[in-house]
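The sequence and structure come first.

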Amino acid sequence: MTIIDEAPNHLGYRQFGVGRFTFSRDEYFVTVEWPTGNHQMPVDQWLRCVQRDVAWGFFYGIVNFDSVIGTMNHYGTVDMFAGRFNEAYRRAEVDYNETFDHDELLGCFKAMLSDWTNEGYDPFAAPLETGSAFGPSSGNNDDAVTRRRVVAERMVSVPGDEPLRSDDSGFPVNRAFSDVDQGEPVIEASPGYEDEVCSFNLFAYLSRSDVTWNPSVVSACKESLYCPTTEEFTLPVIHGNDRVEWFVQLSDEIQWDVEDRDTGAKRARVVMKAGDVAAMPADIRHTGYSPKRAMLLVWENGSPRIPEMIAKGEAPVHPVDF
C-alpha cells in the first residue's frame, strides 16, 4: 500500500494506491482508477463497503461494492477487480483484475478508512444512527472503524467466552429492540453436569448490537458456524457466494435480491419474515433490504476447502434437489 500524495488535497484527504489501482475522494464521491478505466461511487456507500471488507477479512467468495468494483477472497491472496462481473465492461475490454497479498490490500483499506471517515460518521451504523460522510475532512472516527468482528471460540456463555454474554457486553439495548426480553435462561443441570451445560439469550445478545450487517460468531462446532447479525437499511455490498449459506429470519422482515453470481442476471426476489428459512446457493450473489432493524441468523460451513470441492463437482452449489 502506498499513499500517493503525502500532502492531503484541498479538502484534507489523502490519495491512496495499491498495485495499479488508485483511490481518491472529494466531498461526495470516491474515484477509483485502473489502467483501462475509472469509476465513481458515493463516498458513504464506499466507506460502508470497505468497512465490511475489512471487518470480514474479505469474507467468503466475492464482495461486490456495486456492479463494477469488488474483491474476491482466495484465503491468503485477494483479487481486486473492476468490471470483472460486468458484461459491458468485459465487452469493451476495460475490465481489470489484480491479485494482492491479503495483508497488503487490507492495509490499504484500513488506512483509507482512517483518513476518509470523518468524526461523527460510523460506516457500521444505520443511517438514522450516525452523522454524514460527506464534506471536507473533519477529524476521524477510528474507534468505530477499528471495531473487530466478535467471534466466540465455542459458544457465547461457555468458559472462555463469558465476556460475550449480553449482560456483560456493556452495550445498551438498541432503540429498535426495546421490547426484547433481557432475561437469561434458567439451567437445571443433572448432578455432576453443572459446569458442562451453558446457555444464553440470543435475542437479548443481538438486541445490544451497535452495528448493522456484520455477522458475529456466537457458536462454533468444528467448521459449523452460527453467525447472527442485526440488519437495518440496505446491505452495502452484493455478496457473491462460494458456498451455500443458510438464512434463518429471527425477527421482522428482510427482502433479498438474488442474482447469478457471475452475470448478474436476476434469479429471485425473496421476502423473509420471522420464522422463515432460506438457503442461498453457492452460485448466486445477493443484497438485502431491511425496512426495520431485524435479527438474522446466518449458518455457514467455514471450511476453506469448499470452493475447490464445488469446482471439482465434489460438493453441490445448492443443498437440496427437489
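A residue counts as buried under 20% relative accessible area, as exposed over 50%, and as partly exposed in between. At 49% relative accessibility, R305 is therefore partly exposed. The model discussed here is predicted. The structure holds 20 salt bridges, and a search of the whole of it finds two cavities of 30 Å³ or more.

**Salt bridges**

- The side chain of R305 meets that of E223 in a salt bridge, with 3.4 Å from N to O.
- E223 lies in the loop between β10 (219–221) and β11, and R305 in the loop between β17 and α6 (306–311), so this pair ties together parts that are 82 residues apart in sequence.
- R293 forms a salt bridge with E129, and the closest N and O atoms are 3.2 Å apart.
- Because R293 belongs to strand β17 and E129 to the loop between α3 (102–116) and α4, the bridge ties together parts that are 164 residues apart in sequence.
- R293 is buried, with a relative accessible area of 1%, whereas E129 is partly exposed, with 30%.
- A network of salt bridges links E129, R175, E232 and R293.
- R261 forms a salt bridge with D262, where the closest N and O atoms are 3.2 Å apart.
- R261 is partly exposed at 23% relative accessibility, and D262 is partly exposed at 34%.

**The largest cavity**

- The largest cavity has a volume of about 140 Å³.
- The lining of the largest cavity comprises 15 residues, of which F59, P215, E231, L235 and H286 are the closest to its centre.
- At least two lining residues of the largest cavity come from each of β11 (224–234), β13 (245–249) and β17 (284–301).
- β17 provides the largest share of this lining, three residues.
- By residue class, the lining of the largest cavity holds nine nonpolar, four polar and two charged residues.

**The second largest cavity**

- The second largest cavity has a volume of about 30 Å³.
- The residues that line the second largest cavity are R48, R52, A125, A126, P127, T212, W213, E232, F233, T234 and P236.
- Two or more residues of the lining of the second largest cavity come from α1 (43–56), and two or more from β11.
- The largest share of this lining, three residues, belongs to β11.
- The lining of the second largest cavity divides into six nonpolar, two polar and three charged residues.
- Domain 1 (2–145) and domain 2 (175–210 + 212–311) each give at least three residues to the lining of the second largest cavity.
- E232 is in the lining of the second largest cavity and also in the salt-bridge network with E129, R175 and R293.

- Strand β7 (residues 69–73) is largely enclosed by the rest of the structure, because five of its five residues are buried.
- In a regular strand the side chains alternate between the two faces of the sheet.
- Both faces of β7 are covered, with I69, T71 and N73 buried on one side and G70 and M72 buried on the other.
- Strand β6 (residues 62–64) pairs with β7 in the antiparallel sense over three bridges, and V63 stands opposite T71 in β7.
- β6 and β7 form a hairpin, with four residues between them.
- β7 also runs antiparallel to strand β8 (residues 77–82), to which five bridges join it.

**A loop residue**

- R148 is placed in the loop between α4 (142–145) and α5 (202–207).
- R148 counts as exposed, because its relative accessibility is 74%.
- R148 and G192 are 44 residues apart along the chain, and 37 Å separates their C-alpha atoms.

Conventions
Residues are numbered from 1 along each chain as its sequence is written. This is a predicted model: local features need pLDDT of at least 70, side-chain atom pairs count only at pLDDT 80 or more; totals for chains, interfaces and linings use all residues. Side-chain values use heavy atoms; hydrogens and water are left out. Buried means under 20% relative accessible area, exposed over 50%, partly exposed in between (1.4 Å probe, protein chains only). On a 1 Å grid over the protein atoms alone, a cavity is a set of points where a 1.4 Å probe fits but cannot get out, and a pocket is an open set with protein on both sides within 12 Å along at least five of seven lines; lining residues have an atom within 4 Å of a point. Grid points are joined across faces, edges and corners, and a volume is the space filled by probe spheres set on the points. Ala, Val, Leu, Ile, Met, Phe, Trp, Tyr, Cys and Pro count as nonpolar, Asp, Glu, Lys and Arg as charged, and the others, Gly among them, as polar. Domain bounds come from an automatic or database domain assignment. Two strands pair if DSSP finds at least two bridges between them. A salt bridge is a side-chain nitrogen of Lys or Arg within 4 Å of a carboxyl oxygen of Asp or Glu.
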